[in-house]
Amino acid sequence: MNTNVLNTDLNGKVAVVTGAGGVLCSYFAKVLARAGAKVALLDLNEKAAEQYAAEITTEGGIAKAYACNVLNKEICENVAQKVLSELGPCDILINGAGGNNPKATTDKEYFELGDIDADTKSFFDLDADGVGFVFNLNFLGTLLTTQVFAKDMVGKENATIINISSMNSYKPLTKIPAYSAAKAAISNFTQFMAVHFSDVGLRVNAIAPGFFSTNQNKALLYNEDGSYTPRSEKIIGHTPLGRFGVPEDLTGTLLFLSDETYSKFVTGVIIPVDGGFSAYSGV
């Protein structure tokens with residue numbers, strides 16, 4: 001296995017990745033393993049995590065999958081004990097578990113008179129439980145896993161936490177208010193933790209991906225004939241580089257933040273990887 005990804009050497013490090021059954025976070029796990037880290041892949045979907053762990057092992061890396069519900073602290077603590085005994089204490093924590101829920105999404109981008117009584121899900125129809133689930137999954141899930149795994153990281157040299165924020169933490173996207181608010185909370189929480197843990201050598205940063213095309217969202221971004229959906233047209237029109245991101249576009253930022261050789265004096269930052277979306281005003 002190539003353990004010198006972009007001249008990054010993470011041999012001897014243990015990386016814990018939550019949400020590792022998903023497209024982007026499984027890719028993060030593979031990149032870290034290729035750089036030499038032993039990787040724990042955590043996901044509610046254990047089979048998906050096992051599949052990606054097996055792919056890493058086939059490449060020659062060291063990886064183990066663990067079923068984990070990031071909203072259950074007791075489960076997280078049990079998983080942390082297994083990771084500690086099987087791989088060692090955590091050096092790199094990637095808080096990637098998150099997502100949205102249809103109950104926390106409006107049907108239309110703009111509210112119109114008459115929508116209250118119409119057969120459409122407007123702002124006034126957003127489900128409190130759905131909104132709470134989205135916020136908890138993204139924010140509380142990050143807080144709980146950090147509480148559990150960071151206990152072995154405080155006071156340790158070159159330990160680092162990387163949270164996964166989003167472009168909509170800067171500017172809320174239409175239709176998904178709960179997800180946007182939750183990711184804004186992640187960015188704010190990242191800065192809080194960076195200050196809070198600064199005296200014990202624990203760096204905390206975040207990556208804010210822009211719009212990425214994955215198997216999970218293809219139906220939202222592309223029509224059956226492969227053309228862009230109207231929402232995709234808006235996205236691309238506001239992305240100066242003129243395309244969606246792919247997982248490989250996150251490699252450099254991930255390794256930069258993971259390797260103290262390059263980022264030892266970097267903490268409390270949220271780095272956009274968005275093709276220029278956040279820089280463009282629309283005119």
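The following legends describe close-up views of a predicted model.

**Figure 1. Packing of helix H1 against helix H2.** Helix H1 spans residues 23–34 and helix H2 spans residues 46–59; their axes come within 10 Å and cross at roughly 25 degrees. Because angles under 35 degrees count as roughly parallel, H1 and H2 are roughly parallel to each other. The crossing in which H1 passes H2 is right-handed. On the H1 side, the contact is formed by Ser-26, Ala-29, Lys-30, Ala-33 and Arg-34, and on the H2 side by Tyr-52, Glu-55, Ile-56 and Glu-59. Classified by residue type, this contact of H1 with H2 comprises four nonpolar, one polar and four charged residues.

**Figure 2. Packing of helix H1 against helix H8.** Helix H8 covers residues 251–258 and packs with H1 at an angle of about 60 degrees, the two axes lying 11 Å apart. H1 and H8 are therefore oblique to each other. H1 passes H8 in a crossing that is right-handed. Tyr-27, Phe-28, Val-31 and Leu-32 of H1 meet Thr-251, Leu-254, Leu-255 and Ser-258 of H8 in this contact. Six nonpolar and two polar residues take part in the contact of H1 with H8, and no charged residues do.

**Figure 3. Packing of helix H4 against helix H5.** The axes of H4 and helix H5, the latter formed by residues 177–196, are 8 Å apart, and the helices pack at an angle of about 20 degrees. H4 and H5 are therefore roughly parallel to each other. A right-handed crossing describes the way H4 passes H5. H4 contributes Val-131, Val-134, Phe-135, Asn-138, Phe-139, Thr-142, Leu-143 and Thr-146 to the contact. From H5 come Ala-178, Tyr-179, Ala-181, Ala-182, Lys-183, Ala-185, Ile-186, Phe-189 and Met-193. The contact of H4 with H5 is made up of 13 nonpolar, three polar and one charged residues.

**Figure 4. The largest cavity and its lining.** One cavity of 30 Å³ or more is present in the structure. The largest cavity holds about 40 Å³ of space. Its lining consists of Ala-80, Val-83, Leu-84, Gly-88, Pro-89, Cys-90, Val-148, Phe-149 and Asp-152. At least two residues of the lining of the largest cavity are supplied by each of helix H3 (73–86) and helix H4 (128–149). H3 provides the largest share of this lining, with three residues. By class, seven nonpolar, one polar and one charged residues line the largest cavity.

**Figure 5. Residues with positive phi in two loops.** Asn-158 is not a glycine, yet Asn-158 has a positive phi of about 60 degrees. Asn-158 is located in the loop that lies between H4 and strand S5, the latter comprising residues 159–164. Lys-175, likewise not a glycine, has a positive phi of about 80 degrees. The loop between S5 and H5 contains Lys-175.

Methods: Residues numbered from 1 in each chain as written. Predicted model: local features only at pLDDT ≥ 70, side-chain atom pairs only at ≥ 80, totals over all residues. Heavy atoms only, no water. Axes fitted to C-alpha atoms, helices over the stretch in contact; angles between N-to-C directions. Helix = DSSP H or I, 4+ residues; strand = E, 2+ residues; numbered from the N terminus. Parallel < 35°, antiparallel > 145°, perpendicular 65-115°, else oblique. Left-handed = near helix turned anticlockwise from the far one by under 90°. Contact = heavy atoms within 4.5 Å. Nonpolar A, V, L, I, M, F, W, Y, C, P; charged D, E, K, R; others polar. 1 Å grid on protein atoms, 1.4 Å probe; cavity = no way out; pocket = protein on both sides within 12 Å on 5 of 7 lines; lining within 4 Å. Points joined across faces, edges and corners; volume = space filled by probe spheres on them.
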